[in-house]
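Here are my notes for someone opening this structure for the first time. Have the sequence and the 3D view side by side as you read.

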Amino acid sequence: MITKEEVQHIADLARLKLSDQEIEKFQKDFSSILEYFEVLSQADVSLVEPMTHALAVENVMRQDQARPGDPEVRVKLLEASPEHDKGYVKVPEIFQ
Amino acid sequence: MNIDSLTISRIREGLEKKEFSASELAKDFLAVMEKGKDLNAFTVVTESLAVQQAKAIDEKIAHKEKLPALAGVPCAVKDAILVSGERCTASSKVLEQYVASYDATVVKKLKDAGALIVGKTNMDEFGMGASTENSAFGVTKNPHDTSRVAGGSSGGSAVAVAANQSVVSLGEDTGGSIRLPAAFCGVVGLKPTYGAVSRHGVIALASSLDQVGPFAKTVDDAKTVFEAIRGKDAFDATSLEVQDSQAMDVSELRVGIPKEYFAEGLDPEVEKVVRGGIAKLEKAGAKIVEVTLPHTKFALATYYIVNMSEASANLARYDGIRYGLSKREGDLLHVYLDSRGELGPEVKRRIMLGTYTLSAGYYDAYYTKALKIRTLLRQDFETAFEKVDVIAGPVSPFLPFKIGERVEDPLAMYLVDIYTVPVNLAGLPGLSVPVGSVGNPSAGSGQGLPVGIQFIGRPFQENTLFEAGRVIER
């Protein structure tokens with residue numbers, strides 16, 4: 001069974017805060033789900049390429065030129081942010 | 001007008017003959033939605049938008065202008081798809097107050113087609129679930145038996161059509177999220193070929209699997225909506241423009257029945273109804289052929305590894321920085337932890353598992369391996385499609401289950417999608433069509449629980465699926 005420390009480590013990586021109860025539930029869920037995933041060890045993939053796209057298509061490219069967006073959308077995007085000032089989104093300090 | 005019998009073409013006829021106006025349609029459907037709100041199909045009612053759109057259609061009629069394809073058709077939209085100026089919650093507390101800054105491409109196309117957008121529908125939070133029980137805003141009930149689930153994750157969109165609260169609706173399907181609720185609610189649901197419909201403005205769950213598609217009461221209505229929303233979009237590099245495929249006549253159709261889809265675990269009553277549908281196809285002239293999809297037993301595990309891995313990356317953006325729930329006391333780490341704290345348990349579970357499967361030391365064992373099995377699954381289908389033109393089978397091994405029956409056991413819930421996930425993994429189109437019902441012991445009145453038949457086609461062969469669906473409908 002996956003340990004509490006391993007669950008806490010994953011939660012830290014994912015920037016999730018878990019209660020002790022949640023950690024315990026995840027230990028159980030993880031173990032049963034990862035156990036289910038074990039069925040894949042029966043699959044022989046030695047000569048198989050990973051599928052990165054459903055259909056055989058080409059990369060979509062265009063000239064690297066800025067295209068002006070809708071100015072009204074820009075206003076709405078700013079208004080959706082928790083804090084903004086002079087056209088910038090205000091974010092918490094990264095370094096303290 | 002008889003609301004229950006309205007289809008896209010019936011609405012067109014009624015508007016042109018002036019039997020009713022688009023404004024009357026909007027008013028009547030909004031009233032039905034209000035009366036039926038116990039079903040909890042909607043998270044947001046977009047009344048002023050629908051009324052305004054209806055007025056515009058009525059003006060077009062007054063000026064004898066040509067009406068667009070979906071003129072006056074009440075349409076509900078899954079709350080993972082952005083409608084500008086309206087809340088878009090993904091049924092999550094983390095987006096409860098978020099207002100969409102722009103229209104998704106599919107919404108822009110609905111608006112251009114003259115549809116009346118009546119509301120945003122309830123779903124499993126961020127698309128994670130098969131029953132709509134994982135919504136932060138309550139479960140959506142199955143109108144055939146309100147003690148049972150509507151299926152998920154697009155439960156609200158399926159119920160909106162099944163309960164005549166809208167005529168058509170849009171859902172989104174990553175592993176069965178359109179096809180399953182369509183089957184559970186007795187309506188038609190299409191998951192298009194991957195790339196047929198733009199994902200721009202659609203809240204992403206698993207980017208290599210997600211596709212937007214229609215719910216409707218008839219195959220023809222599903223086709224009309226699909227044609228209105230599909231197409232290459234500069235904002236979605238995975239979208240493709242494809243020529244319309246010539247539909248095969250049913251007498252030329254070779255229908256493949258995969259033996260792996262009729263094995264242990266399938267409810268015998270569901271099997272009986274589905275086989276009845278297959279018999280209907282045979283009677284109409286189709287040739288029935290047994291096929292094998294040998295890697296089917298790996299599909300569910302493969303699906304969940306891909307789904308959870310991609311979801312963990314796609315949900316990293318809900319961090320309280322640019323939009324959504326933001327709790328800004330404390331340092332940067334605590335802004336992240338506190339803002340993400342309101343995510344539901346299934347969401348947290350999948351982010352955690354996806355983070356694990358993508359982490360150093362595990363990436364190849366899980367995600368890369370899953371991508372290799374996707375290749376094998378796609379090859380299974382390609383081999384089968386050398387012998388047949390369409391594959392038929394059940395949508396789900398189970399009948400609509402009771403609310404609360406599976407939600408505590410994640411694996412029990414995952415099993416519901418066992419026949420739908422291979423289709424997303426291979427990028428193929430899949431159509432769910434109501435094929436009959438099974439007597440419901442808890443209903444008492446003899447009203448049955450709906451069963452759906454699934455048709456799977458070659459890429460961009462939706463027209464062949466529709467042809468098979470029409471035979472079932474007759």
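1. Start with K223(B). Leaving aside its neighbours within four places in sequence, K223(B) is in contact with N463(B), F466(B) and R470(B). K223(B) itself sits in helix α7 of chain B, which runs over residues 219–229. Its side chain also makes a polar contact, at 2.7 Å, with the side chain of E227(B). Keep in mind throughout that this is a predicted model.

2. Next, have a look at helix α8 of chain B, residues 268–283. This helix has 16 residues and reaches 22 Å from its first C-alpha to its last, close to the 22 Å expected at 1.5 Å a residue. Which residues of α8(B) are buried? They are V270(B), V273(B), V274(B), G277(B), I278(B) and L281(B). The background is simple: an α-helix has 3.6 residues a turn, so residues three or four places apart point the same way.

3. Which exposed residues does the face of α8(B) turned away from its buried side carry? You will find P268(B), K272(B) and K283(B) there. As for the buried residues of α8(B), what covers them includes the strands β9 (254–258), β10 (287–291), β11 (390–394), β12 (430–439) and β13 (448–457), along with helix α15 (462–473), in chain B.

4. Just after the helix, G285(B) takes a positive phi of about 115 degrees.

5. A few backbone spots deserve a second look. Most residues other than glycine have a negative phi, and most peptide bonds are trans. A90(B), though not a glycine, has a positive phi of about 50 degrees. You can find A90(B) in the loop between β2 (74–78) and α4 (105–112) of chain B. Is A90(B) buried or exposed? A90(B) is buried, with a relative accessible area of 0%.

6. F460(B) is another one to check: it is not a glycine either, yet has a positive phi of about 65 degrees. F460(B) lies in the loop between β13 and α15 of chain B. With 14% relative accessibility, F460(B) counts as buried, the cut-off being under 20%.

7. Where is there a cis peptide bond? Look from G152(B) to S153(B), where omega is near 10 degrees. S153(B) belongs to the loop between β5 (145–149) and α5 (155–162) of chain B.

8. Finally, chain A. There are three helices and two strands in this chain, and from the N terminus on they run α-α-α-β-β. The radius of gyration of chain A is 23 Å, well over the 12 Å that the globule rule gives for 96 residues, so chain A is more spread out than a compact globule. Its C-alpha trace spans about 55 × 45 × 25 Å along the principal axes.

9. Of its 96 residues, 28% count as buried. The accessible surface of chain A comes to about 7500 Å², and 52% of that belongs to carbon and sulfur atoms.

Note on methods: Residues are numbered from 1 along each chain as its sequence is written. Chains are lettered from A and ligands numbered from 1 in the order in which they are written. This is a predicted model: local features need pLDDT of at least 70, side-chain atom pairs count only at pLDDT 80 or more; totals for chains, interfaces and linings use all residues. Side-chain values use heavy atoms; hydrogens and water are left out. Helices (H or I, at least four residues) and strands (E, at least two) are DSSP runs, numbered from the N terminus. The expected span of a helix is 1.5 Å times one less than its number of residues. Buried means under 20% relative accessible area, exposed over 50%, partly exposed in between (1.4 Å probe, protein chains only). Contact means heavy atoms within 4.5 Å. The radius of gyration is taken over C-alpha atoms; the globule rule is 2.2 Å times the number of residues to the power 0.38. Accessible areas come from the Shrake-Rupley method with a 1.4 Å probe; for residues, only the protein chains shown count as cover. A polar contact is a pair of N or O atoms within 3.5 Å; within protein, one must be able to donate a hydrogen and the other to accept it, and residues adjacent in sequence count only if both atoms are side-chain atoms.
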